[in-house]
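Q: I'm new to this one. Can you walk me through it?

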Amino acid sequence: MQRRQRGVNTGLLLLFAQIYQFGLNNIPPVTLATLAVNIYLFLNPLKPLHYVCISVHEGYYRSDWQRLLLSPFHHVDDWHLYFNMVSLLWKGTKLEGSLGSLLFAMIIAVFSQLIGVVYVILELMLAEFMDDPSYKIQCAVGFSGVLFALKVLNNHYHPGGSSNVFGFHVSNRYACWVELVAIHIASPGTSFVGHLSGILIGLLYTQGPLKTVLTRAAALFTESSPGRQRNFRYSGATGYQNYEQNNSPGTYDPYTGGLNEHEQLQRAIRESLNERGGQGRTQQNTHWSPPEQLSAEEIRRRRLRRY
């Protein structure tokens with residue numbers, strides 16, 4: 001498998017134009033990093049395509065499992081790269097915004113490897129059932145398998161609506177299956193099994209255990225992060241952003257008392273109300289109500305009462 005030669009990489013230029021029009025500031029970090037890796041490896045491939053594509057013969061029989069890592073991030077030509085990356089730009093931005101960058105990064109990393117494994121298994125099964133050894137040497141490369149998996153996830157997290165598949169409006173629930181067949185008919189050179197592998201991995205996430213595994217892994221990673229030992233971090237001119245915290249006794253931060261921003265506000269108002277009460281405060285004022293239940297007039301009235 002050799003990279004097609006072009007005098008001018010028109011697809012690459014169009015991709016840069018799409019990214020510029022979309023705006024770098026509007027692309028979430030993991031999606032942007034994934035775009036950058038694919039573009040970089042297109043311009044500076046680590047190996048020729050026939051040394052990075054995945055197949056039963058190369059991956060299973062020759063145990064060259066490094067191809068699992070490399071094959072999703074290399075592309076045949078600039079148009080192959082263009083269509084895949086434009087699709088990633090839209091799907092990645094939408095999903096990363098919904099799931100968060102950490103979980104989405106895990107999804108990209110795990111999906112890109114599992115799809116190659118499923119691809120090898122399906123090709124091996126086809127070779128045995130069809131008694132056709134040619135399936136063992138069919139080599140796949142490109143990010144489209146991951147994109148089919150992301151399409152399944154996108155339809156799961158954003159249900160409803162329809163997609164235009166070659167001029168026909170298809171419910172998003174079935175769009176990935178229609179696209180699987182339509183793309184194979186329109187472009188017979190594409191990897192039907194590679195795209196099918198992506199759909200199966202997507203279903204393994206939405207309907208199987210993969211979602212639970214990845215979400216728990218993301219939660220454990222977040223809990224073990226050093227930043228979670230602090231209750232707040234600075235987030236620019238807007239103030240502070242909360243970290244989820246443990247409110248159990250004995251874990252109080254020396255500066256915040258283990259209270260979140262809202263609880264600190266309540267304490268400040270309560271201490272302001274009671275600062276002159278001393279030992280003689282009445283039973284009525286010991287039962288302080290949350291600030292959201294008091295109007296400004298009621299707070300002023302209670303403060304005057306203390307005097």
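Q: Is D131 buried or exposed?
A: D131 is exposed, with a relative accessible area of 68%. Exposed means over 50% relative accessible area, buried under 20%, and partly exposed in between (1.4 Å probe, protein chains only).

Q: What kind of model is this, and how are residues numbered?
A: It is a predicted model: local features need pLDDT of at least 70, side-chain atom pairs count only at pLDDT 80 or more, and totals for chains, interfaces and linings use all residues. Residues are numbered from 1 along each chain as its sequence is written, and side-chain values use heavy atoms, with hydrogens and water left out.

Q: Back to D131. Where is it?
A: D131 sits in the loop between α6 and α7. Its phi is positive, about 50°, although D131 is not a glycine.

Q: And what about S63, what is its phi?
A: Phi of S63 is near 55°, a positive value in a residue other than glycine. S63 lies in the loop between α3 (56–61) and α4 (66–70). At 48% relative accessibility, S63 counts as partly exposed.

Q: Now the overall picture. How many helices and strands are there?
A: The protein has 13 helices and four strands. Helices (H or I, at least four residues) and strands (E, at least two) are DSSP runs, numbered from the N terminus.

Q: How much of the protein is buried?
A: Buried residues make up 40% of the 307 residues.

Q: What share of the contacts joins residues 24 or more positions apart?
A: Of the contacts with a separation of 6 or more, 68% are between residues 24 or more positions apart. A contact means heavy atoms within 4.5 Å.

Q: Let's do charges. How many salt bridges are there?
A: The count comes to five salt bridges. The rule is a side-chain nitrogen of Lys or Arg within 4 Å of a carboxyl oxygen of Asp or Glu.

Q: Which residues are linked in a network of them?
A: E58, R62, D64 and R67 are linked in a network of salt bridges. E58 pairs with R62 at 3.3 Å, N to O. E58 also forms a salt bridge with R67, the closest N and O atoms being 3.3 Å apart.

Q: Which of E58 and R67 are buried?
A: Both E58 and R67 are buried. E58 has 15% relative accessibility. R62, however, is exposed, at 56%.

Q: Which residue does E179 bridge to?
A: E179 forms a salt bridge with K151, with the closest N and O atoms 3.3 Å apart. The pair links distant parts of the chain: E179 is in helix α8 (residues 172–186), K151 is in helix α7 (residues 144–157), and they are 28 residues apart.

Q: Are those two buried or exposed?
A: E179 counts as buried at 19% relative accessibility. K151 is buried too, with a relative accessible area of 9%.

Q: New topic: helix packing. How do α9 and α10 cross?
A: The axes of helix α9 (residues 192–206) and helix α10 (residues 210–223) come within 5 Å and cross at roughly 70°. Axes here are lines fitted to C-alpha atoms, for helices over the stretch in contact, and angles run from 0 to 180 degrees between N-to-C directions. The two helices are therefore roughly perpendicular to each other, a label for angles of 65 to 115 degrees.

Q: Which residues make that contact?
A: I201, L204 and Y205 come from α9, and L210, K211, L214 and T215 from α10. They divide into five nonpolar, one polar and one charged. Ala, Val, Leu, Ile, Met, Phe, Trp, Tyr, Cys and Pro count as nonpolar, Asp, Glu, Lys and Arg as charged, and the others, Gly among them, as polar.

Q: Why is α9 called largely enclosed?
A: Eleven of the 15 residues of α9 are buried, so the rest of the structure largely encloses it. The buried residues of α9 pack against α6 (101–129), α7, α8 and α10.

Q: And α2, what do its buried residues pack against?
A: The buried residues of α2 pack against α1 (10–22), α5 (78–99) and α6. Among them are V30, L35 and F42.

Q: Last one: where does S162 lie?
A: S162 lies in strand β1 (residues 162–165). At 47% relative accessibility, S162 counts as partly exposed. Not counting residues up to four places away in sequence, S162 touches H169, V170, S171 and N172.

Notes:
Parallel < 35°, antiparallel > 145°, perpendicular 65-115°, else oblique.
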